Amino acid sequence: MPLPADIFKAYDIRGIVGKTLTAPIVQAVGQALGALALERGRDTLVIGRDGRLSGPELSQALASGIRASGANVIDVGLVTTPMTYFAAHHLDTQCSVMVTGSHNPPDYNGLKMVIAGATLAGDDIQALKARIDAGTLPSSVREGTLRNADIAKAYIDRVAEDVRLARPMRIAVDCGNGVAGAYAPELFRRLGCDVTELYCEVDGHFPNHHPDPSQPKNLQALIACLAASDNELGLAFDGDGDRLGVVTKSGTIIYPDRQLMLFAADVLSRNAGAMVIYDVKSTRNLHPWITRHGGTPLMWKTGHSLIKSKMKETGALLAGEMSGHTFFKERWYGFDDGMYAGARLLEILSRHDDASAVLESLPDSLSTPELNVASTDASPHATIDRLAETARFPGAREVIRIDGLRVEYADGFGLARASNTTPVIVLRFEADDSAAMERIQGEFRRVLGEALPGRELPF
């Protein structure tokens, strides 16, 4: 069958349901994944799905494909992505496939894949496509088995055994009608919280707002709830529950790179010298903060698969991305989990009378959200490669090239990198003050103006 090349992304498989992503395509991918698992010494894969309307059909197709390869399937049903990761540990399969569209619009869906303990990314994902294109998918004489499992209780028990709050807390939880709504309220009540629920009914139409807490517009209902109630903190989750958003009582959004500061201080208080990884989009305040608290900071490429791989390579105990993925290896399994990150946050904040004051006192700088510019090339990577060859930044202290161009100045930074999921160039800026922000953005206007003549820039 013809496979659309653009659904095989850097970190996962993702496409428009019924157009670029169909049940036959997912079945073929399942067969390739089953074969890969068997080659790597594993014979059983956990599968789960989020609350998207296409989830049941695609999950069934995925199971059929895996079983056709001769591998077995344990279907854990409607769960968050981190709950499938957990199930792979709890059920000792070391393999999981989650049917999820993450934070994409409702008509999208996709697959996040772990085989033999490794999150598939890059070349491994392209190799799946090559297997299918070559028509070499094995069909087993013996079809694999299928059984269902409910891992919700085991997951909630595991978190509740690990996390202890020093006092009860009053929180509002906004799940944006994503799948976290089926579990987050129960989990946080189990931890001793008084929970106000916002949009916790799982609904793949996402009728209230899109489940993406990285966008401030999607946090406005949570901010309003905090202002009108006695809740002291707000937590928000994305569509598949692997990212966390945080809002204080005053309505201040605590972005994930600042959340990571609090987590780092906590982890380092028990693990002196431990490595903490953060992605290239994160604040430059992290490096001195981690160092001051006795840790080893490491900046790395953006992407949950790439971060997890780097954690394994380095033995880092904690990592985080600006997008909201936080990865705990200390006391947990090293995968990104929004609900577990929320629990760890509450554990820290419950030791203080004023949770919002603790969060708002974390170092901060003038910064922009992620800004996107459509690329003129078929691949935004080509534009960034061209910039890397020709762009000059007078006065820059350093140009970091691990993922695009992060240009460091004494008083801020500018970033331009190619998105690995959409055909855009991602920009972000941070500065000590407005004058520095304008100067740094001016340098990027000049450079991008030369590379993308006539293109309107969002800053």
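C175 counts as buried, because its relative accessibility is 0% (buried means under 20% relative accessible area, with a 1.4 Å probe and protein chains only). C95 is buried as well, with a relative accessible area of 0%. C175 is in no disulfide, and the nearest cysteine sulfur, that of C200, is 3.8 Å away; a disulfide here is a pair of cysteine sulfur atoms within 2.5 Å. The structure as a whole holds zero disulfides.

A quick word on ground rules: this is a predicted model, where local features need pLDDT of at least 70, side-chain atom pairs count only at pLDDT 80 or more, and totals for chains, interfaces and linings use all residues. Residues are numbered from 1 along each chain as its sequence is written, and side-chain values use heavy atoms, leaving out hydrogens and water.

Now to helix 3, which is mostly covered, with eight of its ten residues buried. Among them are M83 and F86. Just after helix 3, D92 takes a positive phi of about 55°.

What does helix 3 cross at roughly 90°? That would be helix 5, and the two axes come within 10 Å. Axes are lines fitted to C-alpha atoms, for helices over the stretch in contact, with angles from 0 to 180 degrees between N-to-C directions. So helix 3 is roughly perpendicular to helix 5, a label that covers 65 to 115 degrees. On the helix 3 side, M83, F86 and H90 meet A152, A154, Y155 and R158 of helix 5, where contact means heavy atoms within 4.5 Å. By class, this contact has five nonpolar, one polar and one charged residues.

Here are the elements to look for; helices (H or I, at least four residues) and strands (E, at least two) are DSSP runs, numbered from the N terminus.

| Element | Residues |
|---|---|
| Helix 3 | residues 81–90 |
| Helix 5 | residues 152–162 |
| Helix 10 | residues 304–314 |
| Strand 13 | residues 275–279 |
| Strand 14 | residues 296–300 |
| Strand 15 | residues 318–320 |
| Strand 16 | residues 326–328 |

The sheet is open, with four strands in the order 14-13-15-16 and mixed pairing (two strands pair if DSSP finds at least two bridges between them). Strands 14 and 16 stand at the edges with a single partner strand each, so one side of each is left without a neighbour in the sheet. Neighbouring strands are turned by 15° against each other on average, direction ignored. Strands 15 and 16 run antiparallel and are joined by three bridges, with G320 opposite T326. Helix 10 packs on this sheet, touching strands 13, 14, 15 and 16, and its direction makes about 160° with that of strand 13.

Note on methods
Parallel < 35°, antiparallel > 145°, perpendicular 65-115°, else oblique. Nonpolar A, V, L, I, M, F, W, Y, C, P; charged D, E, K, R; others polar. Buried < 20%, exposed > 50% of the residue type's maximum accessible area, 1.4 Å probe, protein only.
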